[in-house]
Amino acid sequence: MSEDVRLQLNRREFFSFLSVAWIAFTAAVGGLLSLAFRFSYPNVNFEPEMEFLAGRTDEYPPGVDERWKNQFGVWMVKMEGRLFALSNICTHLGCIPTWLPAEIKFKCPCHGSGYYMNGVNFEGPAPRPLERYKITLTAEGKIKVDKTKVFRQEKGEWDNPDSYLTV
Amino acid sequence: MRELINWIADPIRSFPIFTILFFLMLKHYRVVGTKKFAWIAFLLSIPTFFWFAADPNFFLIITTPDNIPISILIILITFLTWFALYQCAVNDARLEQGLTPMEGTPENREKVWTWPNLVYTELFAIIAGTVFLIVWAIIFKAPLEEPANPTWAPNPAKAPWYFLGLQEMLVYFDPWMAGVVLPGVIVVGLIAIPYIDTNPKGNGYYTFMERKMAMTFFLFGWLALWIYLIIVGTFLRGPNWTFYGPFEFWDLHKVVAAYNVNLSEFFWIKGLGRAMPKNLLLRESVGIILSLGYMFGLPPLIARTKWGMSIIEKTGKVRFYILIGLVLLMGSLPIKMFLRWLFSLKYIVALPEWELNL
């Protein structure tokens, strides 16, 4: 008779087991979620710098200069007495266009959008011109490109004195 | 001859040809859906294929590991479309004579148990599919490329093959339209089919005669707007997403003049010969009116036609308007493609200031 009773838990024992089980379960789920949350952040961040010094204005020949393209995603374009920093992100779906010197245009490999040297779209599905970044001269006469500030042509921002340097 | 095929393959010409062939196929499905037709087509396709493959550029395109699924897809889709039409032709001939369809004959109505008959078949299908994929993965290795670089893109940058139809659509539309709205409508529309299509005919048996409209709409969207675009995107789009014929060398410097103009520029500058108005809505008013008219003005007009009235009578108003809405959205893709090819039209409504382009 007494053995039969021992097989069952009384109320107090049941609840102590239940609380241990719940705490263990919550801790396991919480640990898993925190791991998952940690996993959603990259271990190494290759985000390029948003600001960089780009040398002196007389270093750039007229036309498109690709020296900062791979590092910062910026084309330096010198034309019509102006030097400006052109974004290399297609305004259609964010691919990276290529500069074709023979055709004098930027051409996107994803959906065929084409841009003139000044960044204005003329072919393919791109809805608006490439964006330009803020470009200023430091006190030492070096060019500073600030990618946090963009200038969009369709909003009439390309005449903003911060969007180009007169050369 | 090769020059001619290159010339024909350009979407401007090949899409209308494909569409005409598609409707001819449906019109004469009783000729297409015969074993004789299938054998003749099969025997003709073999020498044609070898003649095509003799060309080095074509051979290079079809043997690229990424493109082999498309070659398999073309063969499978061709066979399955023919097979469905064949079953339809057989059943429709029987229905005209007053017989039950093939699926309704006593020997085909015999019932078997799911276990083991179906489950065994599925098990072997799973094993065979796994073996096929493993062998394929061993033969055609996935390319190991250089580390990802956010400031560089391969040329051409192609989506996985099953998304190439979408990528082709993106050439004609703004990303939010071709990348979000239209794929969403495709999924929702496919889910909605059983609720819109209340025609009880064709349940459990193949028939074309009894559900012509449903089959025509569906097959047009499937074959002409999805499969055809995947084939074009895979085989005929080269560097810079320029069009290349099947026998053409993928020359990086092929120049195609593609100066695209918005409808508003056509209207104000070329049509009226004056500058574009400063007011955005006034500037795009023509396109906005046309788009609204297309989506909201056309359906009531179609509802007045004989065809529209018969559908409303059969299924009710709500189903009719949903159906017309879906069909018009589907139709916007070929309309937009033709406008681009014929008039280099970029956007009907171009409001880049609001990120809104149609």
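In the predicted model, Ser344(B) is partly exposed, with 14 other C-beta atoms within 10 Å of its own. Ser344(B) is not a glycine, yet has a positive phi of about 50 degrees. The residue is located in the loop that runs between α15 (317-343) and β1 (350-351) of chain B. A positive phi also occurs in chain A, at Ile104(A), where the value is about 55 degrees although this residue, too, is not a glycine. Ile104(A) belongs to the loop joining β5 (98-100) to β6 (105-107) of chain A. Ile104(A) counts as exposed because it has 11 C-beta neighbours inside 10 Å, the limit for this class being 12 or fewer.

One runs from Trp115(B) to Pro116(B), with omega near 5 degrees, and Pro116(B) is part of helix α7 (residues 114-139) of chain B. The other links Asn155(B) to Pro156(B), with omega near -5 degrees. Pro156(B), in turn, is placed in the loop between α7 and α8 of chain B.

Chain B contains 15 helices and two strands. Its C-alpha atoms occupy a box of roughly 75 × 55 × 40 Å along the principal axes. Of the 358 residues in chain B, 21% are buried. Among contacts in chain B with a separation of 6 or more, 68% are between residues 24 or more positions apart.

Helix α4(B), residues 35-53, comprises 19 residues and extends 27 Å from its first C-alpha to its last, close to the 27 Å expected at 1.5 Å a residue. Helix α6(B), residues 68-96, comprises 29 residues and extends 42 Å between its first and last C-alpha, close to the 42 Å expected at 1.5 Å a residue. The buried residues of α6(B) are Ile70(B), Trp82(B), Leu85(B), Cys88(B), Ala89(B) and Asn91(B). Their covering includes α3 (29-32), α4 and α10 of chain B. Just after α6(B), a positive phi of about 85 degrees is found at Gly98(B).

The packing of α2(B) against α10(B) was considered next. The axes of these helices come within 11 Å and cross at roughly 145 degrees, and the crossing is right-handed. α2(B) contributes Pro11(B), Phe15(B), Phe18(B), Thr19(B), Phe22(B) and Leu26(B) to the contact, whereas α10(B) contributes Thr216(B), Phe220(B), Leu223(B), Ala224(B), Tyr228(B) and Val232(B). By class, the residues of this contact are ten nonpolar, two polar and no charged. In general, residues three or four places apart on an α-helix point the same way, because there are 3.6 residues a turn.

At the level of domains, chain B is assigned domain 1 (2-142 + 160-241) and domain 2 (263-357). The centres of domain 1 and domain 2 of chain B, taken over C-alpha atoms, are separated by 29 Å. Their contact involves 15 residues from domain 1 of chain B and 16 residues from domain 2 of chain B. On the side of domain 1 of chain B that touches domain 2 of chain B, the elements giving two or more residues are α2 (11-27), α8 (164-172), α9 (175-196) and α10 (212-235) of chain B. The most is given by α9(B), with four residues. This side of domain 1 of chain B consists of eleven nonpolar, three polar and one charged residue.

Chain A is likewise divided, into domain 1 (2-39) and domain 2 (51-166). Here 61 Å separate the centres of domain 1 of chain A and domain 2 of chain A, taken over C-alpha atoms.

The contact between the chains takes 25 residues from chain A and 28 residues from chain B. On the side of chain A that touches chain B, α3 (69-72) and β8 (121-123) of chain A are the elements giving two or more residues. The residues on this side of chain A comprise nine nonpolar, nine polar and seven charged.

Conventions:
Residues numbered from 1 in each chain as written. Chains lettered and ligands numbered in written order. Predicted model: local features only at pLDDT ≥ 70, side-chain atom pairs only at ≥ 80, totals over all residues. Buried ≥ 20, exposed ≤ 12 C-beta atoms within 10 Å, placed from the backbone. Contact = placed C-beta atoms within 7 Å. Expected span 1.5 Å × (residues − 1). Domains from an automatic or database assignment. Nonpolar A, V, L, I, M, F, W, Y, C, P; charged D, E, K, R; others polar. Axes fitted to C-alpha atoms, helices over the stretch in contact; angles between N-to-C directions. Left-handed = near helix turned anticlockwise from the far one by under 90°.
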